[in-house]
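This briefing covers the fold, the nonpolar cores, selected residues and the confidence of one protein model. The sequence and structure are shown first.

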Amino acid sequence: MAGAAGGPERGGAGIGAVLARLRPDFPDVTTSKLRFLEAEGLVTPDRTPSGYRRYTERDVERLRFVLTAQRDHYLPLRVIRERLDGAAPAPAPPAAPEPADRLARADVLARAGVDEALLAELEQYGLVAADGGGRYPGAAVPIARTAAALAEHGIEPRHLRAFRAAADREVGLVEQVVAPLRRKRDPAARRRAEQTARDLAELAVGLHAELVRAGLRPLTGM
């Protein structure tokens with residue numbers, strides 16, 4: 001008997017249940033992301049006669065492997081697939097955040113798994129930028145990787161200018177809040193400013209995600 005809302009007809013977890021398990025560790029994971037990873041052959045859930053996806057425990061572990069490798073190690077999908085096929089152990093999270101070193105263009109392309117054309121478009125529309133020495137911030141990697149995933153759905157870099165504008169407004173708001181602390185010479189105040197900025201950034205990202213989900217709920221049932 002079919003269940004409700006993605007209801008299954010046989011064993012295994014539905015896509016909603018898998019998202020619920022993954023989101024505590026990967027808050028940004030979405031239905032579209034899981035479908036993209038399936039399209040790339042990184043996970044192959046079974047299908048019920050009605051077409052619902054059913055994920056086994058092995059599928060969930062593969063998804064954790066992929067998401068961890070992308071988030072913590074910036075590995076392109078090609079490398080992740082090779083490690084999965086070779087039954088390599090899942091990469092352990094780093095003991096500390098990766099250093100925010102400036103990256104060469106080739107490093108950004110390799111870590112994000114994107115081509116020159118996409119990176120050039122991201123630069124054209126102000127989503128990533130190199131410094132005077134041609135080096136990129138570490139954030140260019142997840143930005144490029146996310147833009148590539150969106151492009152799989154027909155959302156091109158030129159469509160993402162609104163995201164850039166919204167992010168700039170949010171950054172400006174956070175800067176206003178932490179500016180009084182940053183002006184103080186007390187090292188403790190500066191540390192509080194840094195922590196406050198990180199906390200506000202996480203809250204802003206979470207709010208943005210919830211607003212998007214709320215707006216799309218009539219279409220997706222999320």
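Two residues are in contact when heavy atoms of theirs lie within 4.5 Å. By that criterion, and leaving out residues up to four places away in sequence, leucine 37 touches Leu42, Val43, Leu63, Val66, Leu67 and Leu77. The model is predicted, and its mean pLDDT is 82.

**Overall architecture**

- The protein contains 9 helices and 2 strands, arranged along the sequence as α-α-β-β-α-α-α-α-α-α-α.
- Of its 222 residues, 31% count as buried.
- The accessible surface amounts to about 13,400 Å², and carbon and sulfur atoms account for 56% of this surface.
- Among contacts between residues at least 6 apart in sequence, 56% join residues at least 24 apart.

**The largest nonpolar core**

- The largest nonpolar core comprises 24 residues. The residues with the most contacts inside this core are Val18, Leu22, Leu34, Leu37, Tyr55, Leu63 and Ile80.
- Helices α1 (15-22), α2, α3 and α4 (77-85) each contribute at least two residues to this core, and α3 gives the most, with 6 residues.
- Tyrosine 55, setting aside neighbours within four places in sequence, has contacts that include Gly12, Ala13, Gly14 and Ile15. Also among the contacts of tyrosine 55 are Val18, Leu34, Val43, Pro45, Val60 and Leu63, together with Glu38.
- A second, separate core has 16 residues, among them Ala112, Leu122, Val128 and Ala144.

- Leucine 37 belongs to helix α2 (residues 31-39). Because its relative accessibility is 0%, leucine 37 counts as buried.
- Leucine 37 and leucine 77 are separated by 40 residues in sequence, while their C-alpha atoms are 9.0 Å apart in space. Leucine 77 is also one of the residues that leucine 37 touches.
- Arginine 62 is located in helix α3 (residues 57-73). With a relative accessible area of 14%, arginine 62 is buried, since the cut-off for burial is under 20%.
- Beyond residues up to four places away in sequence, arginine 62 touches Gly41, Leu42, Val43 and Leu84.

**Helix α5 and its cover**

- Val108, Leu109 and Ala112 are buried in helix α5 (residues 105-112). Viewed down the axis of α5, the buried residues fall within an arc of 95°, so they line one face of the helix.
- The cover over the buried residues of α5 includes α6 (116-124) and α7 (140-151).
- Ala112, one of these buried residues, is also included in the second core.
- Glycine 113 follows α5 and has a positive phi, near 70°.

**Confidence of the model**

- A pLDDT of 70 or more is reached by 87% of the residues.
- Among the elements, helix α9 (residues 187-220) has the lowest mean pLDDT, 81, whereas α6 has the highest, 94.
- Over residues 1-10 the pLDDT stays under 50, and the model has 17 contacts beyond four places in sequence for this stretch.
- Residues 87-100 likewise have pLDDT below 50, with 15 contacts in the model beyond near neighbours in sequence.

Key. Residues are numbered from 1 along each chain as its sequence is written. This is a predicted model: local features need pLDDT of at least 70, side-chain atom pairs count only at pLDDT 80 or more; totals for chains, interfaces and linings use all residues. Side-chain values use heavy atoms; hydrogens and water are left out. Helices (H or I, at least four residues) and strands (E, at least two) are DSSP runs, numbered from the N terminus. Buried means under 20% relative accessible area, exposed over 50%, partly exposed in between (1.4 Å probe, protein chains only). Accessible areas come from the Shrake-Rupley method with a 1.4 Å probe; for residues, only the protein chains shown count as cover. The arc is that of the directions from the helix axis to the C-beta atoms. pLDDT is the predictor's confidence in each residue, from 0 to 100. A nonpolar core is a set of buried Ala, Val, Leu, Ile, Met, Phe, Trp, Tyr and Cys residues joined through side-chain atoms within 4.5 Å.
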